[in-house]
Amino acid sequence: MHVPDGFLDAPTSVATGVAAAAVVGVALRGARRELDDRTAPLTGLVAAFVFAVQMLNFPVGAGTSGHLLGGALAAVLVGPWTAVLCLTVVLAVQALFFADGGITALGTNITLMGVVTVIAGWVIFTLVLRLLPRRPGSAAPAAFVAALVSVPVSALCFVGLYAVGGTAEISLGALMAAMLGWHVLIGIGEAAITAATVASIVAVRPDLVHGARGLLAGQALLIRTSRAMSKEAAS
């Protein structure tokens, strides 16, 4: 998914750069409401994990590459605003020190992988949660769907940017087929990893999972109700 320098024309690259900067600016303020003493250390771990999995690239076509994205996972674990910051730092380090993605395309890559995947993943996660029982265990299947969908959504957004300002000698249809084909497969793998990671953390420390915090109150209420019913039956 990393876009190289020159793959999109200058106006498109500048526009995505401005959009990325605007979202990151908003995320800096929004992250203050998400971070606390418990989740701050987890943020560093999430960024390190995403960095590691994104460094495992394989070619997709026309100079682009495919890999796990991690946007949905980050959003579920630390919140959408903090996730945007995590992905932004990861992508900036990759571009500046590892030549993974172009410098002039950094705004494009942040928009696609640090904004689109996070927002799409978080929106889908919250929508799926509404259809599932209100308990912490529901976070894992909701995260699975969120990761599964967010990856091809990001690929489609990339194809849209190419349609507007692409400079490579490749047809739009061929690019769409390659990007969607590969990223649907990537989405399946990412969904499995995301669900397994969320399920593992929820089983031990559900309070550390941002997306599961709203489910803990419902579980506590259920426990208190069950205890009250047990006492009434005993009396």
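The largest cavity is lined by F49, V50, V53, L68, G70, L73, E190, I193 and T194. Keep in mind as you look at these residues that the model is predicted. About 60 Å³ of space lies inside this largest cavity, and the count of cavities of 30 Å³ or more comes to 1. Which elements give two or more residues to the lining? Those are α2, residues 40-54, and α7, residues 172-204. Sort the lining by class and you get 6 nonpolar, 2 polar and 1 charged residues.

Next, helix packing. A pair of packed helices is described by two things, the angle between the axes and the distance between them. Take helix α5 (residues 106-131) and helix α6 (residues 139-165): their axes come within 7 Å and cross at roughly 145°. That crossing is right-handed.

So what meets what here? On the α5 side, the residues in contact include T108, L112, M113, V116 and T117, along with A120, G121, I124, F125, V128 and L129. Facing them from α6 are, among others, A139, A142, A143, V145 and A146, then V149, S150, V153, S154, C157, F158 and L161. By class, this α5 and α6 contact holds 18 nonpolar and 5 polar residues, with no charged ones.

Finally, the aromatic rings. Searching the whole structure turns up 4 aromatic pairs. One of them is F7 with Y162, a tilted pair with 5.6 Å from centre to centre and 35° between the planes. This pair ties together distant parts of the chain: F7 sits in the segment before α1 (10-34), whereas Y162 is in helix α6, and 155 residues separate the two.

Terms used. Residues are numbered from 1 along each chain as its sequence is written. This is a predicted model: local features need pLDDT of at least 70, side-chain atom pairs count only at pLDDT 80 or more; totals for chains, interfaces and linings use all residues. Side-chain values use heavy atoms; hydrogens and water are left out. Axes are lines fitted to C-alpha atoms, for helices over the stretch in contact, and angles run from 0 to 180 degrees between N-to-C directions. Helices (H or I, at least four residues) and strands (E, at least two) are DSSP runs, numbered from the N terminus. A crossing is left-handed if the near helix is turned anticlockwise from the far one by less than a right angle, and right-handed if clockwise. Contact means heavy atoms within 4.5 Å. Ala, Val, Leu, Ile, Met, Phe, Trp, Tyr, Cys and Pro count as nonpolar, Asp, Glu, Lys and Arg as charged, and the others, Gly among them, as polar. On a 1 Å grid over the protein atoms alone, a cavity is a set of points where a 1.4 Å probe fits but cannot get out, and a pocket is an open set with protein on both sides within 12 Å along at least five of seven lines; lining residues have an atom within 4 Å of a point. Grid points are joined across faces, edges and corners, and a volume is the space filled by probe spheres set on the points. Rings of Phe, Tyr and Trp (its six-membered ring) pair if their centres lie within 6.5 Å; planes under 30 degrees apart count as stacked, over 60 as edge-to-face and the rest as tilted.
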